[in-house]
Amino acid sequence: MRTFTVVATSLLFPALLLLASCQAERSGVHPSERVSVDEQALQPEDASYAALFRYRASSDALEVVDVSSLGHVVVGDPLPVPPNGTFRLQYRATALDPTGRKLELPLPETIQDARFSPNARSLIVLDRHDALSVIDLASEGITAIDTQVFPGFALSSDGNQIAYAKGDAPMLDAYVYDLRTGTARRLTSAQRPTWGFAFSPDDRSIAFVYSPFGFPSIYTVGVDGGEPHAMTNVGITLDDVRAGAALTPIPDGRKPPTWVNGVLVFENGDGAFGLSSDGRVVWERPGATRLFRGGEDVVHYHIDGAEHAARMTVSP
Amino acid sequence: MKRAVMVVGIGALAVLLPSSPAYAAKFRRPFSASIGVNYGYDNNGGGGCTDFACGGVCYDGHSGTDFPLSMGTSVLAPAGGRVSATNEGCSDWGGLGSTCGGRCGNYVRIDHQDGTSTLFCHMQNGSIAVSTGEWVSCGQFLGRSASSGNSSGPHLHFGLYVGGSSRDPFSGSCSQSTGYWVGQGSYPHNVPSASCETSCECSPGQTQTSACGDCGTRSRTCNSSCSWGSWGSCQGQGECAPGSVEERACCDCGTQTRTCSNACAWESFSACAGPDPAGGTEACDTGEPGPCAPGIVRCVDGCRACGRIYEPQPEMCDDIDNDCSGETDDGEPSEMGDPLPEMAARLVDVGYPGSMVSGTGSTGWVVFRNEGSRTWAPGELWLEATSTWQDEASELHDVEAWPAYGVAAVLDREVPSGGDVMMKFPMKTSAEAEGVVRETFHLVDREGTALKCPAVRFDVAVMTRRGSSVEDGAVAAGESDGVVSEAGGDAGCSASGRGAGVPGWFWLVPLGWIWRRRMRRARP
């Protein structure tokens, strides 16, 4: 029996409403669309919550790569790397069902990233050679998707589309792949750093980190293509950045961003953040790590040695 | 002997490749510190890694060369080129798995003239000193090293791309026979040379021509040591330097200039121009009459010239020679000036018989308005027949009635400025007169000088006929004082009159009289 040091926080965070009116005006968002986030305590008996921490505690070295909506987990044992090099983060991965039983899947020896489909029927895997493939959990069949894929892909909520970056890093472009037709559509062509994809709740657009002008911002683009539009750092130029202008936080690849009840949540080296659809920071947990979506409107995260969960409540 | 052979060999090469100085870029190490390779390029497409020397100083899938530079080390351009991309905004400590900057973190990419590109990853945020599109030279500071993006600690990831694909910059049995460093150092932790490439400037025998001097040309030839010889003398120069300006003085004052064209030829001199002598205060006489006479000395076309102060205007009735014709108020100007002239008269109306029996007399009348500034005194103005000015007798001269020879009437009252006066003028035709008898009457002063303006004369034309014994009856328009008026021109047109001593009923006989009336209206 493992001891869980789950601290169900009873902290009720005050609504974090950042009145970034200037940014709202720049993005053309009506004030009534402002979003606030309430953080509520959650109990460990929540299924996905329990599964997540059960496997997290199995080894200090293990990392939870992804958790499915039903409680499946991919845990990864990161390969050690020497210092001062450009080594890729790779895992020896294991997939487990919601009961903790190991799934006998044809996983590559090492992977860079893995993501369960929303219906938890398949697992999308990026191997160490940048090849992206889909593993059917029932049949264990493998379908190759694309090569030269960059870590940080995302699945649509209906499970039919995959958004990802492809290219010779850092010269990357965004693509969306339709699993029903087996075809990919190129969404950008600037060959610039591109990563951190998240489908919108209606699967009609994709938010991602993009750096067409020499610094990273979050952009959105329709799944059918079109010109990407900046969601953050609107109106800021590279000269402004070099003069010290502050940039809105971005996901840096630790975990892909995800929409939770209208808030784009993600983590980076500074902590966990939530952005409203107009690019304002509406939730901020400095130092937070291991951010996972735990349900329709819940995110889990780890901070100061304790586990927390936040329910994203949209207040119009 | 050996040297001579070499020269011949190079010369032959020059003949074969007269204009092919192409060469692959050679790089210096992109920093000053003597630091060697930590992890090299993986030349093995499969599992594991193979460095350029077929050793293992690399890691699986590594597409560049890692140099373990500490935080803040200056990163330098390995060769000249153009910055094709920069990226900033990534944390200096990205850590393993960071995707910021597409794993590369903050970076600079340079496209070199031979088609190769170099990439410098994991740099310090805010340290990048070059911008996209900027040309950099070998050794130029690009920024500082850090550990941004996907990095397990501070280092510089040096990437080389040839034809768009990554390439190991080192030569070796497991990479390629020719490396990309000026000097690649010693295996296993090679420290490439810090010297910039000294490349062949040109192909022996190649000539180069350039512009020189003032639209001239010069040429130089590439010598056998692949460097350019001295420039030859400048040939075919033009007469001036493009854009230069030459100035010269004009005859008395001012200057004129000319500009050298882009073809190094002088253009035409401009017109002379300069300030007026003595600041435009020197007075002179233009030699012109009237108000145009006073002038100031000006600089006109580079020469002294007396320029008018006053420019001629249309003549007006004002005792001034407005048009500088030499005569005051000439041409009978109708427009009054300001101030008013001393003496001026305007014809208001006139009436006289249109026909007369030859040898009979009659009387006409005329109304003048005093438009001068001075009151007319009695006897001061005469109505003179102008035919007498040519020493001819007036055909309407009434020797008995006219106060003087040629003078039909004399002002008999005082007329203030603005006032009207009627003057009656007797007329008599000779017994031999037949047909139309004409005369022009003009107002003159007592000195015999004709008034000039605005309307000081009128014409009379009388039809004469012979045979009737009916006396003219001294037809006297002048009797009709009350008929002629300045304001009532139309009423005045039917002026009538009768001769002195003739009964009034006589005027009712229409056949005896043909009246002709002429009226001139003054300009308002």
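Biologist: Which residue stands opposite His302(A) in strand 22 of chain A?

Modeller: That's Glu307(A). Quick heads-up: this is a predicted model, where local features need pLDDT of at least 70, side-chain atom pairs count only at pLDDT 80 or more, and totals for chains, interfaces and linings use all residues. Residues are numbered from 1 along each chain as its sequence is written, chains are lettered from A and ligands numbered from 1 in the order in which they are written, and side-chain values use heavy atoms, leaving out hydrogens and water.

Biologist: What makes strand 21 and strand 22 of chain A a pair?

Modeller: Strands (DSSP runs of E, at least two residues, numbered from the N terminus) pair if DSSP finds at least two bridges between them. Here six bridges join the two, running antiparallel, so they count as paired.

Biologist: Why are strand 20 and strand 22 of chain A called edge strands?

Modeller: The open sheet has the order 20-21-22, with antiparallel pairing. Strand 20 (289-293) and strand 22 (306-311) each pair on one side only, so they are the edges.

Biologist: How do you know whether His442(B) is buried or exposed?

Modeller: Buried means under 20% relative accessible area, exposed over 50%, and partly exposed in between (1.4 Å probe, protein chains only). His442(B), in strand 23 of chain B, has 9%, so it is buried.

Biologist: Why is Cys264(B) called buried?

Modeller: Its relative accessibility is 1%, so it falls under the cut-off. Cys264(B) also has a positive phi of about 65 degrees, although it is not a glycine. Asn233(A) has one too, about 55 degrees, and at 5% Asn233(A) counts as buried.

Biologist: What makes a set of residues a nonpolar core?

Modeller: They're buried Ala, Val, Leu, Ile, Met, Phe, Trp, Tyr and Cys residues joined through side-chain atoms within 4.5 Å. The largest one has 32 residues, and Leu383(B), Phe425(B), Phe441(B) and Phe458(B) touch the most other members. Strand 22 of chain B gives the largest share, four residues. In soluble globular proteins, nonpolar side chains tend to be buried together.
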